[in-house]
Structure formats: C-alpha cells, structure tokens
Amino acid sequence: MSFAFGIGIGTQNNQGEWLEVFYQQPVMTPGSALMEVISNAMDFQGGNQAISATAEQLSQLANALRQVGETDQAALAEKAANSKRPVAVTVLETDDAASSTPEVYLKLHLISHRLAKPHGVKLDGIFGLLPNLAWTNEGAIDLNELPARQLQARLEGRTLEVKSVDKFPQMTDYVVPNGVRIADTARVRLGAYVGEGTTVMHEGFINFNAGTEGTSMIEGRISAGVMVGKGSDLGGGCSTMGTLSGGGNIIIAVGENCLIGANAGIGIPLGDRCKVEAGLYITAGTKVALLDDDNKLVEVIKARDLANQPDLLFRRNSQTGAVECKTNKTAIELNEELHANN
Ligand SMILES: CC(C)(COP(=O)(O)OP(=O)(O)OC[C@H]1O[C@@H](n2cnc3c(N)ncnc32)[C@H](O)[C@@H]1OP(=O)(O)O)[C@@H](O)C(=O)NCCC(=O)NCCS
C-alpha cells in the first residue's frame with residue numbers, strides 16, 4: 001500500500017522552482033489499481049516523487065483513471081490537462097522525509113483535509129523545503145520577483161496586496177473542512193487540523209501539525225504539535241507551549257472537556273476535564289501545592305508530575321501567590337449554548 005497521492009496545481013518562480021501547490025483531492029493510501037494507472041501514465045518508477053506533468057500525460061492519466069472507476073480523480077486530471085499553471089502529480093510511496101516543495105504541500109494537505117492526524121505524517125526537514133513567499137491577492141510570489149510584480153500591477157492600474165510574508169499559507173486558501181467557523185482566516189495555517197464543530201475566534205490561532213479533535217471554542221494559541229481534545233475550550237489570548245523554540249521537548253496536548261482560562265498557558269499536557277485559571281501560566285517546573293477537598297496542603301510537586309492527570313483545577317492563590325491544584329470535582333459544565341452555536 002502506498003502512502004499518498006495528489007494531482008496539484010501549483011506556482012513556480014521565474015527559475016521554474018516550485019513555490020506552492022494546491023491539491024484539491026489528495027488521496028491517502030491509494031490502492032494498487034490507482035498506483036498502477038499512475039505508474040503507466042506518468043512513467044512513475046517508484047519512490048517518492050513530484051512529477052511535473054504535461055497536458056498530454058494528464059489527458060492519458062484521465063482516461064486511464066476513468067477506466068478503473070476513479071471518476072473524481074479522472075475529472076481532476078482532465079481539468080488539470082487544461083491548466084494555465086504548472087501541474088504536479090505527486091506520489092509518495094512511503095512517509096519518508098519529504099525532498100521537494102510539492103511533497104511537503106501534499107503532506108500538509110493530508111492533515112488539513114483530516115486524512116491524517118497531527119503527528120501522523122513525517123514532517124522532518126520541511127522548513128528548508130518551504131520557500132518564504134509573498135502571499136498576495138494574485139497568489140504566491142517569490143520575494144525576489146515581488147518588486148517587479150508590484151510595479152507591473154500599478155502600471156496596469158491594480159494594487160498588489162501582500163497579505164503575508166511567510167513559509168506557510170493560510171489553510172482556507174487550500175481547504176475549508178466541514179463544520180468549522182474561522183473568524184479570521186489568516187490565523188490558521190495550512191497543515192492545521194481543524195475538527196468538525198470547532199470555532200476559531202479572531203484571537204485564536206492554529207499552527208501546522210496541530211489542531212482540535214472536535215467541538216471546541218478556540219480563542220487562544222494552539223502551537224505546532226499541540227492537539228486539543230473534544231469539547232475543550234481555549235480562552236482569549238491563552239497559550240499552549242510549543243516545542244519549536246525553547247519550549248522543551250514535552251509534547252503538549254489538551255484532553256477532552258478542558259478549559260484554559262483567558263491569558264493562561266500550559267507547558268504540560270493536560271488530562272481530561274482540567275481547568276486552568278485565567279492568567280495562570282503553568283510551566284513543567286512550576287511548583288504546585290496540591291490541596292485536598294478542605295483546601296489543606298497535601299504536598300508540593302512539580303507540574304510535570306501532574307501531566308495527563310484528569311479532573312484538576314489549577315489556580316494561583318490570590319492571597320499567597322502560590323500555584324495550587326485542586327481536584328476539579330464539578331468538572332466543567334462547558335457552555336452548551338456556545339457549542340450549540342458553533
Ligand atoms: C479558576 C476558576 C475556574 C475558578 O472558578 P470557580 O470554580 O467558579 O470558583 P469560584 O470563583 O466560584 O470560587 C470558589 C472559591 O474559591 C475562591 N477562589 C477562586 N479563585 C481563587 C484564587 N485564585 N485564589 C484564592 N481563592 C480563590 C473563591 O473566592 C471562592 O471562595 P469561597 O468558597 O470562599 O466563596 C475561574 O476563576 C477561572 O479562571 N475561569 C476561567 C474563565 C475563562 O477565562 N474563560 C475563558 C473566557 S475567554
């Protein structure tokens with residue numbers, strides 16, 4: 001069984017180098033019939049490859065796909081044969097580290113299409129394969145070519161709007177998965193996994209290889225690598241610690257039905273039904289006073305020792321300043337109305 005396949009419409013710079021690729025219908029674990037068709041039509045010899053496809057090859061591919069009953073992919077190949085933009089037929093036999101820009105884009109698409117979960121696709125070394133680009137209202141532009149394109153647009157009476165300068169584009173320019181609401185689309189990068197029932201408000205952010213399992217209200221930051229369980233809410237401006245820059249190597253996750261308060265933060269993975277008081281940042285080394293039901297001190301431990309434990313309430317005692325942890329008995333009754341209107 002092969003790993004993934006996609007017919008992509010892309011952008012290249014003046015040197016013919018790939019800048020980005022849009023895969024409308026990426027396929028996870030393509031079956032042997034599909035792989036055989038691709039091998040024959042595209043002269044694919046195996047391995048992981050992004051093949052620059054000619055119109056003739058794409059027409060042949062469309063015919064062969066139709067014959068084996070792959071009608072959606074056949075229709076896509078047929079349309080791609082008439083593309084004014086370069087087309088990449090990308091085949092990944094295995095999930096090895098990517099070796100080209102179209103391969104990275106296919107992997108990011110698999111996650112945002114919810115075909116693979118964060119951490120379910122090997123993304124080692126992708127930064128070196130993603131060029132830093134100007135993302136404009138006329139598509140992706142190589143930064144070296146931007147001044148000429150800006151001038152050209154002005155001369156023709158248009159303004160070229162540069163929406164961001166980044167290695168990752170916004171997810172919604174590539175796919176809008178079912179059942180989501182995203183108030184500010186620039187805040188969710190391609191490669192994010194946005195679960196059905198998730199609302200991302202303006203302050204919310206979801207990085208690549210990160211996301212939500214299901215219903216969630218996200219008003220805080222989901223860093224790369226962080227997955228948020230079903231029914232959990234991230235309050236305004238809160239933070240989940242990433243592992244990319246100095247965040248240590250513990251992979252942070254949030255269990256189900258948790259609430260991270262506004263401006264709070266976590267540097268440990270939370271179990272199910274945990275709450276963090278607004279404004280409290282718990283790092284792995286934070287010394288935490290564990291309290292019993294009568295608010296009596298049981299022991300002082302490091303927050304990392306409470307990683308993945310369910311039913312905890314973290315707060316900073318407003319009188320002593322000590323960080324305290326109580327068993328969250330009431331479990332949070334998440335705002336049903338809020339979720340119902342996701
Ligand atoms: C930590 C938090 C969950 C506690 O809420 P709660 O469980 O409803 O607790 P209450 O406010 O009813 O307080 C219960 C008791 O603990 C005390 N208490 C609460 N927080 C305390 C603190 N930080 N230090 C000392 N005592 C505290 C209260 O004074 C109260 O005392 P009492 O029993 O003597 O009356 C809540 O304050 C919070 O931060 N929620 C996050 C909300 C949020 O940010 N949502 C996202 C919006 S975008």
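## The ligand and its contacts

Which polar backbone atom is 2.8 Å from an oxygen atom of the ligand? The atom belongs to alanine 278. The protein covers 45% of the 970 Å² of accessible area that the ligand has on its own; accessible areas come from the Shrake-Rupley method with a 1.4 Å probe, and for residues only the protein chains shown count as cover. This is a predicted model, in which local features need pLDDT of at least 70 and side-chain atom pairs count only at pLDDT 80 or more, while totals for chains, interfaces and linings use all residues. Residues are numbered from 1 along each chain as its sequence is written, and side-chain values use heavy atoms, with hydrogens and water left out.

A backbone N or O atom of alanine 262 lies 2.7 Å from a ligand oxygen atom. Glutamate 277 contributes a polar side-chain atom, placed 2.8 Å from a nitrogen atom of the ligand.

## The shell around the ligand

The residues surrounding the ligand are Gly235, Gly236, Gly261, Ala262, Lys275, Glu277, Ala278, Leu313, Arg315, Arg316, Asn317 and Ser318. A residue is near a molecule or strand if one of its heavy atoms lies within 4 Å of it. By class, the shell holds 3 nonpolar, 5 polar and 4 charged residues. Here Ala, Val, Leu, Ile, Met, Phe, Trp, Tyr, Cys and Pro count as nonpolar, Asp, Glu, Lys and Arg as charged, and the others, Gly among them, as polar.

Strand β26, residues 312-316, gives the most to this shell, with 3 residues. Helices (H or I, at least four residues) and strands (E, at least two) are DSSP runs, numbered from the N terminus.

## The chain as a whole

The protein chain contains 6 helices and 27 strands. Its C-alpha atoms fill a box of roughly 75 × 50 × 35 Å, taken along the principal axes. Of the 342 residues in the chain, 49% are buried; buried means under 20% relative accessible area, exposed over 50%, and partly exposed in between (1.4 Å probe, protein chains only). The chain exposes about 15,700 Å², and carbon and sulfur atoms supply 46% of that area.

Contact means heavy atoms within 4.5 Å. Among contacts between residues at least 6 apart in sequence, 49% join residues at least 24 apart.

## Confidence in the model

The mean pLDDT of the protein chain is 93, and 94% of its residues reach 70 or more. This value is the predictor's confidence in each residue, from 0 to 100. Over residues 330-335, the pLDDT is below 50, and this stretch has 13 contacts in the model beyond near neighbours in sequence. Where pLDDT is low, the predicted coordinates should not be read in detail.

## Two asparagines with positive phi

Asparagine 257 has a phi near 55°, a positive value in a residue other than glycine. The loop that holds asparagine 257 runs between β19 (253-254) and β20 (259-260). With a relative accessible area of 32%, asparagine 257 is partly exposed.

Asparagine 263 is not a glycine either, yet its phi is positive, at about 60°. Its place is the loop between β20 and β21 (265-266). Asparagine 263 is exposed, with a relative accessible area of 55%.

## Buried positions

Threonine 198 lies in strand β11 and counts as buried, at 0% relative accessibility. Its side chain reaches the backbone oxygen of glycine 214 at 2.6 Å. Glycine 204, in the loop between β11 (198-200) and β12 (205-206), is also buried, with a relative accessible area of 0%. Glycine 204 and isoleucine 218 are 14 residues apart in sequence, and their C-alpha atoms are 5.3 Å apart in space.

Glycine 6 belongs to strand β1, residues 4-12, and is buried at 0% relative accessible area. Leaving aside neighbours within four places in sequence, glycine 6 is in contact with Tyr23, Ala88, Val89, Thr90 and Leu106. Glutamine 73, found in helix α3 (residues 71-81), is buried with a relative accessible area of 5%. Not counting residues up to four places away in sequence, glutamine 73 touches Phe5, Ile7, Gln25, Val27 and Leu65.

Technical notes. Polar contact = N/O pair within 3.5 Å; in protein donor to acceptor, adjacent residues only side chain to side chain.
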